[in-house]
Amino acid sequence: MTRTRRLLTWILVIELLVTSGLAIRRTSRPAPPRVEAGQLVDSITDDDFRRLEQAARDGSGPEWRELATAYAVYGFFPDAEACCRHAAQLRPTSFEVQYLWGIVLNRLGRMEESNDRLQRAILLGTGRQARDCWYLVGRNLLRMEDEKEAESAFRKAAPLLRARYHLAFLLARQGRVREALPLVE
């Protein structure tokens with residue numbers, strides 16, 4: 001009889017430990033921000049938000065990035081930024097997360113932080129991805145009125161037509177028309 005009691009006691013202890021561990025794991029996961037879109041989006045989009053929120057709650061970096069993207073597309077930038085921050089903790093070497101976070105920070109008017117994220121993305125990305133980032137860094141620097149650094153960033157992104165346009169505009173604005181003309185021709 002005592003063996004049976006001991007066995008049952010051990011089974012109960014193990015069950016309690018496993019259940020407690022699962023409960024702690026579940027409650028220690030951060031909950032994604034819940035956008036109360038109300039009248040701002042249709043019911044299908046709202047359902048998609050809920051589905052993405054649940055996937056992020058249960059998942060890892062890619063799900064958090066997907067939720068951040070959805071929030072950013074619909075203009076919920078503070079919520080998108082919170083999702084990007086968490087996605088970056090889960091996947092710090094993801095180009096996509098750093099790039100999206102840089103864009104979201106830009107939309108929030110936080111250009112210095114945006115440039116920091118975009119420069120991290122540059123280190124993680126390919127040639128085209130890096131040029132896209134340099135272009136955005138240049139735009140941020142123009143908004144911050146740092147023309148010298150903006151010019152440098154646009155030169156690094158110069159294979160992109162839009163970067164050449166901004167570089168030519170910047171040079172013309174500085175009275176350096178001779179340098180600007182070949183860029184627009």
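Helices (H or I, at least four residues) and strands (E, at least two) are taken here as DSSP runs, numbered from the N terminus, and by that scheme Cys-84 lies in helix 4 (residues 77-90). This is a predicted model, in which local features need pLDDT of at least 70 and side-chain atom pairs count only at pLDDT 80 or more, while totals for chains, interfaces and linings use all residues. Residues are numbered from 1 along each chain as its sequence is written, and side-chain values use heavy atoms, with hydrogens and water left out.

**Cysteines**

- Cys-84 is buried, with a relative accessible area of 2%, where buried means under 20% relative accessible area, exposed over 50% and partly exposed in between (1.4 Å probe, protein chains only).
- Leaving aside neighbours within four places in sequence, Cys-84 is in contact (heavy atoms within 4.5 Å) with Ala-68, Val-97, Leu-100, Trp-101 and Val-104.
- Cys-84 and Arg-65 are 19 residues apart in sequence, yet their C-alpha atoms are 6.2 Å apart in space.
- With a disulfide defined as a pair of cysteine sulfur atoms within 2.5 Å, a search of the whole structure finds zero.
- Cys-83 is accordingly in no disulfide, the nearest cysteine sulfur being that of Cys-84, 7.1 Å away.
- Cys-83 counts as buried at 0% relative accessibility, and Cys-133 also counts as buried, at 0%.

**Helix 6**

- In helix 6, the residues Met-111, Ser-114, Asn-115, Arg-117, Leu-118, Ala-121 and Ile-122 are buried.
- These residues cover an arc of only 165° around the axis, which puts them on the same side of helix 6; the arc is that of the directions from the helix axis to the C-beta atoms.
- The buried residues of helix 6 pack against helix 5 (95-107) and helix 7 (127-143), whereas the face turned away from the buried side carries the exposed residues Glu-112 and Leu-123.

**Aromatic rings**

- Rings of Phe, Tyr and Trp (its six-membered ring) pair if their centres lie within 6.5 Å, with planes under 30 degrees apart counted as stacked, over 60 as edge-to-face and the rest as tilted; by this rule the count comes to six aromatic pairs.
- The rings of Tyr-71 and Phe-76 have centres 6.4 Å apart and planes at 80°, so the pair is edge-to-face, and both residues are buried.
- The rings of Phe-95 and Tyr-99 have centres 5.4 Å apart and planes at 15°, so that pair is stacked.
- Phe-95 is buried, with a relative accessible area of 10%, whereas Tyr-99 counts as partly exposed at 24%.
- Ring pairs link Phe-49, Tyr-71, Tyr-74 and Phe-76 into a cluster.
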